[in-house]
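This briefing concerns a predicted model.

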Amino acid sequence: PWDRDVVDIKVHYRADSKLFGVGGKHSFDTEFRQSDDVIGVIGKERRSSSIGFSYFKRYEYTYTIHGPRYLKLDVEGEDGDVNIENWQGQIYCRTEDGNIDLQNIHSPRTRIRLEDGDLHMESLQGELLVDGEDGDVVLREGKNLLGRIRLEDGDLTIKRSQGDFEINVDDGDVTLDQVRASMLDIRTEDGDVELALLKLDRIDLDITAEDGNITVYLEPGISASFSIDT
């Protein structure tokens, strides 16, 4: 972000393409468009069919966006990483093979969908929605969070954070360390659950695990009732 009411977008694309034969060459173009208060940027790589020997190597392909920190971001990509810092507007990010790194995000809603990449978040506030498949998720220094996180094969780690969480993980482990939460709903199939919870007047904790172990550490002085079914 910056303090100007202007959006600046730089696209860097650098590649080497050679064709020994007949056919079309590799090309790249960027489409910029604006409709009212919506700005769209789409990068298009094109390869047409050819006969013969072709060589292609991409060296650089990046988007760098500067704008007011209150803008809503809608980011979609396949193979690249996403890095967002110091943002306050809503964030919706969808990736396939790339990693996502969020730093110092004070957004009313952050929604993430990822397939094979990892998600790292630090200093996050607001509503958090995460839907992932094969990547790991790490959250540190979260505050005032309302989180709903669903993972298939990845591990989830939350450290030094405060908020309420609804967590559903298939094959991964769930680790919460120094977390202050009034409500936790955690469900796993093949993973372990390990919680180290800080003291609150009331904690509503519901854990369901099929094949994994459950370990819960509570600070001294917590008065609690337990119902355990195996």
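**Pockets and a β-hairpin**

In this predicted model, 41 residues line the largest pocket, and Y63, I65, D74, V75 and E76 are the ones nearest its centre. Two or more lining residues come from each of β2, β3, β4 (50-66), β5 (73-76), β6 (82-87) and β7 (91-95).

**Largest pocket**
- The volume of the largest pocket is about 1,800 Å³.
- By residue class, the lining of the largest pocket comprises 17 nonpolar, 12 polar and 12 charged residues.

**Hairpin of β2 and β3**
- Strands β2 (residues 27-35) and β3 (residues 38-46) run antiparallel and are joined by nine bridges.
- One of the residue pairings links F28 to its bridge partner E45 in β3.
- Two residues lie between the strands of this hairpin, in which D36 adopts a positive phi near 55 degrees.
- Both β2 and β3 are among the elements that give two or more residues to the lining of the largest pocket.

**Second largest pocket**
- The second largest pocket holds about 810 Å³ of space.
- Its lining consists of 24 residues, with L205, I207, F226, S227 and I228 nearest the centre of the pocket.
- At least two lining residues are supplied by each of β16 (204-209) and β17 (214-218).
- β16 provides the largest share of this lining, at six residues.
- The lining of the second largest pocket divides into 12 nonpolar, six polar and six charged residues.

Methods: Residues are numbered from 1 along each chain as its sequence is written. This is a predicted model: local features need pLDDT of at least 70, side-chain atom pairs count only at pLDDT 80 or more; totals for chains, interfaces and linings use all residues. Side-chain values use heavy atoms; hydrogens and water are left out. Two strands pair if DSSP finds at least two bridges between them. Helices (H or I, at least four residues) and strands (E, at least two) are DSSP runs, numbered from the N terminus. On a 1 Å grid over the protein atoms alone, a cavity is a set of points where a 1.4 Å probe fits but cannot get out, and a pocket is an open set with protein on both sides within 12 Å along at least five of seven lines; lining residues have an atom within 4 Å of a point. Grid points are joined across faces, edges and corners, and a volume is the space filled by probe spheres set on the points. Ala, Val, Leu, Ile, Met, Phe, Trp, Tyr, Cys and Pro count as nonpolar, Asp, Glu, Lys and Arg as charged, and the others, Gly among them, as polar.
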